[in-house]
Amino acid sequence: MKKQILAIDDSKAIRFLLQTVLGKEYNVVTVPDGYSAMYYLTHRQMPDLIIADPQLPDMENWELIQQLSSSGMYGDIPLVVLSGLEKKETELKCLENGIVKHFVKPFNPVDLMTAVSDLVKRRQLDKDLSAMAS
């Protein structure tokens, strides 16, 4: 069964690109805003990875990123930030929120695919190790 990715971006073009680039390997669900993302997370199974833009039309900048990264329920899901904001601000905010992987738009889809693959594999390994330990 394919691993699941939730992609949150208000740009239809970016959502289409993510679906196209990642869709061969993963089940990619895309939503345009923070409300839709939270609705999806509370009503569906947990994704294996989340890709999110920190600038969403229905939230303050970085609000969704902060909610997800500090959440007891969603905090262990790997989060990749796709930002249209300045590189320095993006790096600082990602560091503050414990985000290990971020990209500034425009980004290289091949680099994103590599990062997503690494994070999904690492999460699966962590799950396997914790299952063996218990």
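User: Which exposed residues sit on the face of helix 1 turned away from its buried side?

Analyst: Start with the terms. Exposed means over 50% relative accessible area, buried means under 20%, and partly exposed is in between (1.4 Å probe, protein chains only). Helices (H or I, at least four residues) and strands (E, at least two) are DSSP runs, numbered from the N terminus. Here, Lys12, Ala13 and Phe16 are the exposed residues on that face of helix 1. Keep in mind that this is a predicted model: local features need pLDDT of at least 70, side-chain atom pairs count only at pLDDT 80 or more, and totals for chains, interfaces and linings use all residues. Residues are numbered from 1 along each chain as its sequence is written, and side-chain values use heavy atoms, with hydrogens and water left out.

User: And which residues of helix 1 are buried?

Analyst: In helix 1 (residues 12-22), they are Ile14, Arg15, Leu18 and Leu22. They span an arc of only 100 degrees around the axis, so they lie on the same side of helix 1. That arc is taken over the directions from the helix axis to the C-beta atoms.

User: Take strand 1. How many of its residues are buried?

Analyst: Five of the five, so strand 1 is largely enclosed by the rest of the structure.

User: Which way do strand 1 and strand 2 pair, parallel or antiparallel?

Analyst: Strands count as paired if DSSP finds at least two bridges between them. Strand 1 and strand 2 have five bridges and pair in the parallel sense, with Ile8 opposite Val31 in strand 2. The chain gets from strand 1 to strand 2 through helix 1, in a right-handed β-α-β crossover. Right-handed means that, with the strands pointing away from the viewer, the path from the first strand over the helix to the second runs clockwise. On strand 3, strand 1 has a parallel partner too, joined by four bridges; Ala7 has Ile51 as its bridge partner there.

User: What does Ile51 touch beyond its neighbours within four places in sequence?

Analyst: Ile51 is part of strand 3 and is buried, with 1% relative accessible area. Its contacts are Ile5, Leu6, Ala7, Ile8, Leu18, Leu22, Val80, Leu82 and Val116. Across the sheet pairing, Ile51 stands opposite Val80 in strand 4. Three bridges join strand 3 to strand 4, which run parallel, and the chain passes between them through helix 3 (residues 63-70) in a right-handed β-α-β crossover.

User: Where does the chain go from strand 4?

Analyst: Through helix 4 to strand 5, again as a right-handed β-α-β crossover. Strand 4 and strand 5 (residues 101-104) run parallel and are joined by four bridges, and Ser83 has Val104 as its bridge partner in strand 5. Strand 4 has five of its five residues buried, so it is largely enclosed by the rest of the structure. In helix 4 (residues 87-96) you find Thr90, which counts as buried at 0% relative accessibility. Thr90 touches Trp62, Val81, Ser83, Leu85, His102 and Val104, leaving out residues up to four places away in sequence.

User: How many residues does the largest nonpolar core have?

Analyst: In soluble globular proteins, nonpolar side chains tend to be buried together. A nonpolar core is a set of buried Ala, Val, Leu, Ile, Met, Phe, Trp, Tyr and Cys residues joined through side-chain atoms within 4.5 Å. The largest one has 21 residues, and those with the most contacts inside it are Leu6, Ile8, Ile50, Leu64, Ile65, Leu68 and Leu79. Strand 1, helix 2 (34-43), strand 3, helix 3 and strand 4 each give it two or more residues. Another core, of 19 residues, lies apart from it and includes Ala7, Ile14, Leu112 and Ala115.

User: How many aromatic pairs turn up in the whole structure?

Analyst: One. Rings of Phe, Tyr and Trp (its six-membered ring) pair if their centres lie within 6.5 Å; planes under 30 degrees apart count as stacked, over 60 as edge-to-face and the rest as tilted. Phe103 and Phe107 have ring centres 6.4 Å apart and planes at 55 degrees, so the pair is tilted. Phe103 counts as buried at 12% relative accessibility, and Phe107 does at 13%.

How values were computed:
Contact = heavy atoms within 4.5 Å.
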